[in-house]
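I opened this structure for the first time today and kept notes as I went. The entries below follow the order in which I looked things up.

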Amino acid sequence: MEVRKMNQYVTGAVIKELREKANMTQLQLADRLGVSDKTVSKWETAKGYPDITLLEPIAEALRVSVTELISGKAIDNLNVSSNMLRSKFYVCPVCGNVIHSMGESVIHCHGILLSPLEAEPTDERHMIFIERIDDEYYVRIDHEMTKEHYISFAAAVSSGDMQLVKLYPEQSAEARFRIRGVKKIYFCCNRDGLFVADVIKGIDDKESGYDNLKERRELEETAKKLFG
Ligand SMILES: [Fe+2]
């Protein structure tokens, strides 16, 4: 049986090589593209792919054609994490397909071998506001929702299940999740990658506007019971 050759997509190694050739720092390239230097670093260390809408700007910044950009080396999955208990999210940079896995998997979409996204703590450009409404968490992410730059999904993860809400440009970056057991809330920016927030920390956050002490204590008690 013949082994089918995988499609190629731009690899971190190629971006790094071309960036260094162009005498640019990660920050300089990041500034040109309107992403953070951390994002560029993630691409270069195979922890995420640049969204397809960024291919042309990247090629332009590195003074190559898109074809040259993606005809680099074969894709290796360098991000081999060993924690099998941790949820992994994979996002296809071409179609935006979201794949959740309970452990490490070999996942292809559009012929591209996907690396699991590495979740970062939320930052000032990706803030999450979590509010408790009845038996649900109402989650809002303070972020633009344009076709170029938007939050593509939000997910609430407990030890036993995962609730995922797909989000779309031109809609608002908000979701509702059943509270029971939810430990972490993830959300994904198409440009800046995956972010994670601890639910209790989010609720305690003064900026969330959540200041009902009694309710908060109850919630903390519940959390203690659930998570120890
Ligand atoms: Fe973003």
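Predicted model: local features only at pLDDT ≥ 70, side-chain atom pairs only at ≥ 80, totals over all residues.

**Entry 1: around helix 3**

Next I asked which residues of helix 3 are buried. They are Thr39, Val40, Lys42, Trp43 and Glu44, where buried means under 20% relative accessible area, exposed over 50% and partly exposed in between, with a 1.4 Å probe and protein chains only. Among the elements covering these residues I found helix 1 (12-21), helix 2, helix 4 (55-61), strand 5 and strand 12 (193-198).

**Entry 2: helix 2 against helix 3**

I then looked at how helix 2 (residues 26-33) meets helix 3 (residues 37-44), and their axes come within 8 Å and cross at roughly 110°. The axes are lines fitted to C-alpha atoms, for helices over the stretch in contact, and the angles run from 0 to 180 degrees between N-to-C directions. Helix 2 is therefore roughly perpendicular to helix 3, a label for angles of 65 to 115 degrees.

On the helix 2 side the contact (heavy atoms within 4.5 Å) is made by Gln26, Leu27, Leu29, Ala30 and Leu33, and on the helix 3 side by Asp37, Val40, Ser41, Trp43 and Glu44.

Leu29 and Arg19 are 10 residues apart in sequence, and their C-alpha atoms are 7.6 Å apart in space.

**Entry 3: the iron site**

Which residues coordinate the iron ion? I listed His126 (NE2), His143 (NE2), His149 (NE2), Cys189 (SG) and Asp192 (OD), at 2.1 to 2.4 Å. Donors here are N, O and S atoms within 2.8 Å of the metal (3.2 Å for Na, K and Ca), and because water is not among the atoms, sites may look incomplete. Along the chain the donors follow the spacing H-x16-H-x5-H-x39-C-x2-D.

His126 lies in the loop between strand 5 (120-121) and strand 6 (127-133) and Cys189 in strand 11 (residues 184-189), so the pair ties together parts that are 63 residues apart in sequence. I checked both His126 and Cys189 for burial, and both are buried.

**Entry 4: two loop residues and the whole chain**

Asp134, in the loop between strand 6 and strand 7 (136-142), has a positive phi of about 50° although it is not a glycine. Asp134 is exposed, with a relative accessible area of 66%.

Glu170, in the loop between strand 9 (162-166) and strand 10 (174-178), likewise is not a glycine and has a positive phi of about 75°. Glu170 counts as exposed, at 60% relative accessibility.

Last, I noted that buried residues make up 46% of the 228 residues in the protein.

Conventions
Residues numbered from 1 in each chain as written. Heavy atoms only, no water. Helix = DSSP H or I, 4+ residues; strand = E, 2+ residues; numbered from the N terminus. Parallel < 35°, antiparallel > 145°, perpendicular 65-115°, else oblique.
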